[in-house]
Amino acid sequence: MKYSIKSWFLAKNFNQEEIDRILNGELVVWSQTEKAYQFKVKGNAKMIFWCPKSCVESELEILVKEEEHKELIEKSFDSFAALKDFAKKNGVKVTPHMKKSSILANMGKDICECALAKNIISVKEYSMFY
């Protein structure tokens with residue numbers, strides 16, 4: 001199984017040469033306790049260290065986080081596309097590279113209230129302008 005160690009832990013406990021060896025090597029669990037892993041960097045006999053389990057992510061955890069992040073980005077793109085379509089249908093000029101805040105600023109209070117009622121924008125986004 002592959003493991004990843006949080007960058008802040010590496011920066012706090014190792015010099016750059018050691019960090020490079022850890023990141024470029026394969027981490028093998030050498031030993032473990034209830035709260036920590038002892039890792040050996042495969043191919044580097046002298047590189048053995050302890051790391052709290054709270055600072056370690058397994059390959060599965062990393063994949064789950066990446067998938068959640070991907071879904072969040074897709075949802076954000078879908079939300080932005082819906083806002084652009086809604087604004088255009090309501091007579092707001094929308095250029096290809098406009099930011100969400102610019103579109104909301106150009107929509108006006110009445111159109112924004114309608115977008116809020118249709119869950120196209122959030123209360124937080126609405127309250128930024130009105």
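This is a predicted model: local features need pLDDT of at least 70, side-chain atom pairs count only at pLDDT 80 or more; totals for chains, interfaces and linings use all residues.
Check the exposure of each partner. Glu57 counts as buried, at 16% relative accessibility. Lys65 is partly exposed, with a relative accessible area of 48%.

Next, select Glu125 and Lys100. Here too the side chains meet in a salt bridge, at 2.7 Å from N to O. This pair links distant parts of the chain: Glu125 sits in helix α6 and Lys100 in helix α4 (residues 100-107), 25 residues apart. Glu125 is buried, at 16% relative accessible area. Lys100 counts as partly exposed, at 24%.

Now go to Lys42 and Glu26. Their salt bridge has its closest N and O atoms 4.0 Å apart. It also joins distant parts of the chain, 16 residues apart. Lys42 lies in the loop between β3 (36-41) and β4 (48-52), and Glu26 in the loop between α2 (16-24) and β2 (27-32). Lys42 is exposed at 53% relative accessible area, while Glu26 is partly exposed at 46%. The count of salt bridges comes to 4.

Move to helix α3 and pick Lys84. Which side chain of opposite charge is nearest to Lys84? Asp85 is, 7.3 Å away. Lys84 is buried and has no salt bridge. Show its contacts: Lys84 touches Val94, Pro96 and Ile103, leaving aside residues up to four places away in sequence.

Stay on α3, residues 59-89, and select Glu74. Glu74 belongs to a surface patch of negative charge, together with Glu66, Glu67, Glu68, Glu71 and Asp78.

Jump to Asn119, in the loop between α5 (109-117) and α6. Look at the backbone. Phi of Asn119 is near 60°, a positive value in a residue other than glycine. Asn119 counts as exposed, at 67% relative accessibility.

Follow the chain to Ser127 in helix α6 (residues 123-127). Ser127 is partly exposed, at 45% relative accessibility. Ser127 and Cys112 are 15 residues apart in sequence, and 9.9 Å apart from C-alpha to C-alpha.

Finish with Met128, Phe129 and Tyr130. These residues form a nonpolar surface patch, with about 280 Å² of accessible area together. Center on Phe129, in the segment after α6. Phe129 counts as partly exposed, at 31% relative accessibility.

Methods
Residues are numbered from 1 along each chain as its sequence is written. Side-chain values use heavy atoms; hydrogens and water are left out. Patches are made of residues with over 30% relative accessible area and no salt bridge: like charges are joined within 9 Å, nonpolar side chains (Val, Leu, Ile, Met, Phe, Trp, Tyr) within 5 Å. Accessible areas come from the Shrake-Rupley method with a 1.4 Å probe; for residues, only the protein chains shown count as cover. Lys and Arg count as positive and Asp and Glu as negative; His and the chain ends are not counted. The place of a charge is taken as NZ of Lys, CZ of Arg, CG of Asp or CD of Glu. Helices (H or I, at least four residues) and strands (E, at least two) are DSSP runs, numbered from the N terminus. Buried means under 20% relative accessible area, exposed over 50%, partly exposed in between (1.4 Å probe, protein chains only). Contact means heavy atoms within 4.5 Å.
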